[in-house]
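Please open the model in your viewer and display the backbone together with the side chains. The stops below are arranged as selections to be made in turn.

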Amino acid sequence: MFYEVEIKDHIRVPPIKFGEFVEESVLKSLVDKFEGYVSEDLGFVIGVSTVEKIGEGVVIHGDGAAHYETTFKVLTFRPELQEVVIGKISDITDFGAFMEIGPIDGMIHIGQTMDDFVSLNNNTLQGKESKKVLKINDICRARIIAVSYKDPTNPKIGLTMRQNKMGNLKWLDEETKKVKSKK
């Protein structure tokens, strides 16, 4: 889920930026520090949206930089367990598929792609009985079943498409058409 979060932090502005307006140099320092930042509390910081308040600058002995207590807002993507997401398949491997969901790819284990025996053929995943095919660039709906920040530099998101109304949107459209034609 995407959020806008308000944060209060001390922001370091290096002496090289002293010739700029304070607001501009603080914003640049915020962008440098927070864009792309990943944590379990915030999730994935996408960008700084606004600077709400900048306090008085303080120079710390031995540093030379100015430090400003700043209140600001960031846009974040924080994946939540059981959340339903829509994304594009970005890669197919022998153990499953990767799906772009916001600023990160989630992994769908081969056994979680469909209710069928699944095999890898020509960079696609194919169901033995259903004949369903999953390939790169397919748009799919999945549910988040695991979120791990164990390694903050490489967080992991686990997805499943083996639940009702989950999977490749083409499959879901075909199923809806079949149900409507039977009525």
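**A tour by selection**

Begin with helix 2, residues 169-182: at 1.5 Å a residue its 14 residues should span 20 Å, and the end C-alpha atoms agree because they are 20 Å apart. The expected span is 1.5 Å times one less than the number of residues. Helices (H or I, at least four residues) and strands (E, at least two) are DSSP runs numbered from the N terminus.

This is a predicted model, in which local features need pLDDT of at least 70 and side-chain atom pairs pLDDT 80 or more, while totals for chains, interfaces and linings use all residues. Residues are numbered from 1 along each chain as its sequence is written, and side-chain values use heavy atoms, without hydrogens or water.

Next, select asparagine 168, in strand 13 (residues 167-168). At the start of helix 2, a side-chain oxygen of asparagine 168 comes to within 3.0 Å of the backbone nitrogen of lysine 170. Asparagine 168 counts as buried because its relative accessibility is 2%; buried means under 20% relative accessible area, exposed over 50%, partly exposed in between (1.4 Å probe, protein chains only). Residues that asparagine 168 touches include Val133, Asp138 and Met161, where contact means heavy atoms within 4.5 Å.

Finally, move to threonine 71 in strand 4 (residues 66-77). Threonine 71 has 14% relative accessibility and therefore also counts as buried. Beyond residues up to four places away in sequence, threonine 71 touches Glu6, Ile7, Lys8, Val51, Glu52 and Lys53.

Terms used
Polar contact = N/O pair within 3.5 Å; in protein donor to acceptor, adjacent residues only side chain to side chain.
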